[in-house]
Amino acid sequence: MKSAEAYEHEQGWDFERAAMPYVDSLYNTAYRMTRNSEDAEDLVQETYLKAYKYYDKFEEGTNFKAWLFKIMKNTFINNYRKKKLTPHKIDFSEIEESYERVIQKNAPDLIKDPESEIFQDMMDEDVKRALDTLPHDYKMVVLLADIEGFSYKEIAEILDCPVGTVMSRLYRGRKMLERTLLEYAKKYGYIRSGEPAKMRSRKDETKPKKKSAGTAESLDEPEEAEGEDLELFAADTEEFDFEIEEGQEEEFQLE
Amino acid sequence: MGCDDLRRVAHFYLDGQLGEGKCSDLLRHLEQCKECDDRVVILKRLRLFVRCRLNRLTAPDRLRQRIQSAVNGRIPLSGSL
């Protein structure tokens with residue numbers, strides 16, 4: 001019979017071999033969740049320690065990566081969301097409308113450019129910031145689906161919600177993200193509506209000739225005062241959180 | 001399938017999650033409607049772009065070491081957990 005010590009050693013080794021390949025994935029998602037490397041490291045470490053502690057509870061044959069992500073999600077909620085700010089309501093019909101406006105207006109430029117050069121100059125920071133404008137629940141599904149490649153069913157398991165909720169959040173989350181990216185692309189001159197697609201660096205950004213009356217119009221006003229708008233954006237990001245209410249889900253028929 | 005329906009399911013199509021029947025409806029629509037066809041191409045590019053830009057972080061070595069030390073029992077697992 002194996003000694004308890006030998007058994008523990010073996011289990012530790014087994015766990016390490018199974019779990020360590022996911023450390024980059026977990027860290028990557030943790031970083032997007034916490035928005036800084038120190039918290040992300042702590043979150044991942046705590047996730048691993050919990051996973052190891054409950055390793056015997058893991059059901060053989062189920063998805064180990066999804067199991068780790070679920071532990072991380074729960075740990076995050078327990079540790080970091082206690083200090084959560086009051087959720088804000090989001091007007092999805094407004095998002096839908098402005099999305100349609102921005103995509104229709106820019107479609108000719110976007111389609112003309114098969115190598116997606118339009119976005120080449122966009123900074124990683126912009127992409128990160130665009131992602132951070134999403135409410136937490138929406139950001140999570142987009143990350144899990146589009147970056148980590150989980151299926152809808154796996155995401156539903158990780159987040160403890162129905163598949164319909166995952167789809168609804170994906171639908172809206174992606175829409176919000178795309179809208180923001182297109183806004184940035186336009187604002188910094190990567191796409192110029194009505195002109196052939198061309199790229200300009202931010203240094204070339206001309207001074208605004210006129211100021212737009214309100215931020216709601218900013219999609220149609222590429223010459224917006226840059227600094228001012230970014231400040232508004234940062235403030236939004238800070239307090240932008242949202243929870244789905246019962247009955248607010250959209251229905252999607254896949255069959 | 002109309003343009004509005006297509007817009008609702010375009011992302012699910014790109015995820016490969018549409019049922020067979022709905023998928024062929026969608027493809028038939030794309031053949032006839034340039035606007036929707038363009039849109040699907042744009043969505044595909046946007047998604048690829050986001051994926052390229054965001055999937056770059058690797059865990060720092062010190063984090064791997066911290067985890068491995070803990071799991072190998074060099075640091076007691078009890079305590080804060």
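Chain B contains four helices and zero strands, where helices (H or I, at least four residues) and strands (E, at least two) are DSSP runs numbered from the N terminus. Along the sequence, the pattern of chain B reads α-α-α-α. Of its 81 residues, 23% are buried; a residue is buried if 20 or more other C-beta atoms lie within 10 Å of its own, exposed if 12 or fewer, and partly exposed in between, with C-beta atoms placed from the backbone. The model is predicted, so local features need pLDDT of at least 70 and side-chain atom pairs count only at pLDDT 80 or more, while totals for chains, interfaces and linings use all residues. Residues are numbered from 1 along each chain as its sequence is written, and chains are lettered from A and ligands numbered from 1 in the order in which they are written.

Chain A comes to ten helices and zero strands, and its pattern is α-α-α-α-α-α-α-α-α-α. Here, buried residues make up 33% of the 255 residues. Contacts between residues 24 or more positions apart account for 70% of the chain A contacts with a separation of 6 or more, two residues being in contact if their C-beta atoms, placed from the backbone, lie within 7 Å.

Within chain A, helix α9(A) deserves a look. The 25 residues of α9(A) reach 36 Å from first C-alpha to last, close to the expected 36 Å, the expected span being 1.5 Å times one less than the number of residues. Because 22 of its 25 residues are buried, α9(A) is largely enclosed by the rest of the structure.

Two packed helices are described by the angle between their axes and the distance between the axes. For α5(A) and α9(A), the angle is about 45 degrees and the axes are 9 Å apart; axes are lines fitted to C-alpha atoms, for helices over the stretch in contact, and angles run from 0 to 180 degrees between N-to-C directions. The two helices are therefore oblique to each other, given that angles under 35 degrees count as roughly parallel, over 145 as roughly antiparallel, 65 to 115 as roughly perpendicular and the rest as oblique. Among the residues making this contact are A:Phe92, A:Tyr99 and A:Ile103 of α5(A), together with A:Met176, A:Arg179 and A:Leu182 of α9(A). By class, the residues of this contact divide into seven nonpolar, two polar and six charged; Ala, Val, Leu, Ile, Met, Phe, Trp, Tyr, Cys and Pro count as nonpolar, Asp, Glu, Lys and Arg as charged, and the others, Gly among them, as polar.

Turning to the interface, 39 residues from chain A and 37 residues from chain B take part in the contact. The largest share of the chain A side, eight residues, comes from α3(A). That side has 24 nonpolar, four polar and eleven charged residues.

A:Asp124, A:Val127 and A:Leu131 of α6(A) meet B:Val50, B:Arg53 and B:Leu54 of α3(B), a set with four nonpolar, no polar and two charged residues.

Elsewhere in chain B, B:Ile67 lies in helix α4 (residues 61-71). B:Ile67 counts as buried because it has 26 C-beta neighbours inside 10 Å. Leaving aside residues up to four places away in sequence, B:Ile67 touches A:Val23, A:Gln45 and A:Tyr48.
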